[in-house]
Amino acid sequence: MRSAEFESRMKSLLKDRYPEYEAAIQLDPVRGFRLNRLKCTEEELRGYLDFDWKKNPYAKDSWVLPDEVKLYESMAYECGLFYVQETSASLAVEVLDPRPGMNILDLCAAPGSKSTQIAERMNHEGTLISNEYDASRSLILCENMEKHGAANVTVLNSTTAEIASAFPEYFDAVLVDAPCSGEGMMRKNPEAEAQWSLSLVHSCAERQAYIISDAYQTLRPGGTLVYSTCTFNEEENEDTLLAFLAAHPDMHVVPIEEDYPHTLPSAKLPGALRVIPSDIGEGHFVCRMIKDGNSAGRIPKQMKSGRIPECALSFLKDQLEGTYPYLLEKNGRVYGSTVPFYQCGKCRIIRSGVLLGEVIKDRFEPSWHFYLSAALPFRHVIELNDADRNSYLYGMTVSLPCDKGWYGVSWNQHMFSGTKSDGRILKNKYPKRKRRR
């Protein structure tokens, strides 16, 4: 149950819009889903997901998900053709406006909803750095990015200070979706309501202050910084940003002028917006800023690669139609990317580019992630029938006579794994943690 103190603060903040908020939080939480254009078209996805699609007004390629629909069991989900994302959470990336060729930082990225959204807009062009400070959540972020198929992403598990040191004035755009007290998620997450306190608000605001200060250091002159939270209070939003702007006079708010539903313009920080919970989304705060000047970002040094083994080069040539522009060998593992592999200072790298595979006893063994990448078409693909595909997803081998060698395993020509044939049997290479039970 919400505290009287919280309700009093919300009435003071929202004023005549408070009844709208009070009515909305009695409704069920809203879910959404977003098309992954790296892997399929809207027309294709509509053919796979048979229900009425209601447009999400906060972002392109996004729709409201009906309550009764279960998407996680679909093959379209297994193949990474869409991402389930709360609808109004997509607004921050819409405001950031990522485009192909940009260099972009998502500083607080787990579990990956905004990073995957950014990657879709970049279309493998330009560098995307996605960071998560919490180690376990960084692994979730990495898996979601790999499943989505982008080949221009580096996933880090680092402090914001380490990233600021590694990438001074490099990025064209930075997203700070800051950790917060979660006041906008109370309908969706009852724990946020139970955990709320003024001390939590103040501790979050202290953390946000140094996060956005570090983010500033990574932004090139002329670059865009978007700050967002899923909370309402002014301490974590306007007050944090006003203090930041006072400390950095070369940063200026660029008003969000687009007409989005259920929003409340900030009176304390003109140009910023709140999203009020409704039947199409949860609560958020978004503000866009730009740094004075206009100069190219400082390019980091590239990583040094070991020699790419001949067995790896031969395998990739046989399996792919085309080549990755950049390859990196490290400790027997080979990575591919559409952009250079950059040094990251003291940052901990979870994944850089696509893990293509590793050399084991003079032979190249492809990784599962190799088959999830959307960067290049595959030459050798096996489309399993319904029965064989079901067996495969449960971890079984499949009897299917074919030429010996490696194949991508697909559903409607969309890859979800790989397999190796001995001429009669397809060995199961689906990760054990992913197999159905």
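A search of the whole structure, a predicted model, finds zero disulfides. For Cys108, the closest cysteine sulfur is that of Cys180, at 10 Å, which is too far for a bond. Cys108 counts as buried because its relative accessibility is 13%, under the cut-off of 20%. Cys344 is likewise in no disulfide, and the sulfur nearest to its own among the cysteines, in Cys347, lies 5.9 Å away. With a relative accessibility of 5%, Cys344 is also buried.

The largest nonpolar core has 33 residues, of which Ile104, Ile118 and Leu128 touch the most other members. Two or more residues of this core are given by each of helix H5 (91–96), H6, helix H7 (135–148), strand E7 (153–156), strand E8 (171–177) and strand E12 (273–275). H5 provides the largest share, five residues. Beyond its neighbours within four places in sequence, Leu128 is in contact with Ile104, Asp106, Ser115, Ile118, Ala119, Met122, Met145, Asn152, Val153 and Thr154. Another core, of 32 residues, lies apart from the largest one; among its members are Ile129, Ile211, Ile212 and Met289.

Pro111 is placed in the loop that runs between strand E5 (104–106) and helix H6 (113–122). The relative accessible area of Pro111 is 37%, so this residue is partly exposed. When residues up to four places away in sequence are not counted, Pro111 touches Tyr83, Arg137, Ile140, Leu141 and Asn144. Pro111 and Ile140 are 29 residues apart along the chain, and their C-alpha atoms are separated by 5.9 Å.

Definitions and conventions
Residues numbered from 1 in each chain as written. Predicted model: local features only at pLDDT ≥ 70, side-chain atom pairs only at ≥ 80, totals over all residues. Heavy atoms only, no water. Helix = DSSP H or I, 4+ residues; strand = E, 2+ residues; numbered from the N terminus. Buried < 20%, exposed > 50% of the residue type's maximum accessible area, 1.4 Å probe, protein only. Contact = heavy atoms within 4.5 Å. Core = buried A, V, L, I, M, F, W, Y, C linked by side-chain atoms within 4.5 Å. Disulfide = S-S within 2.5 Å.
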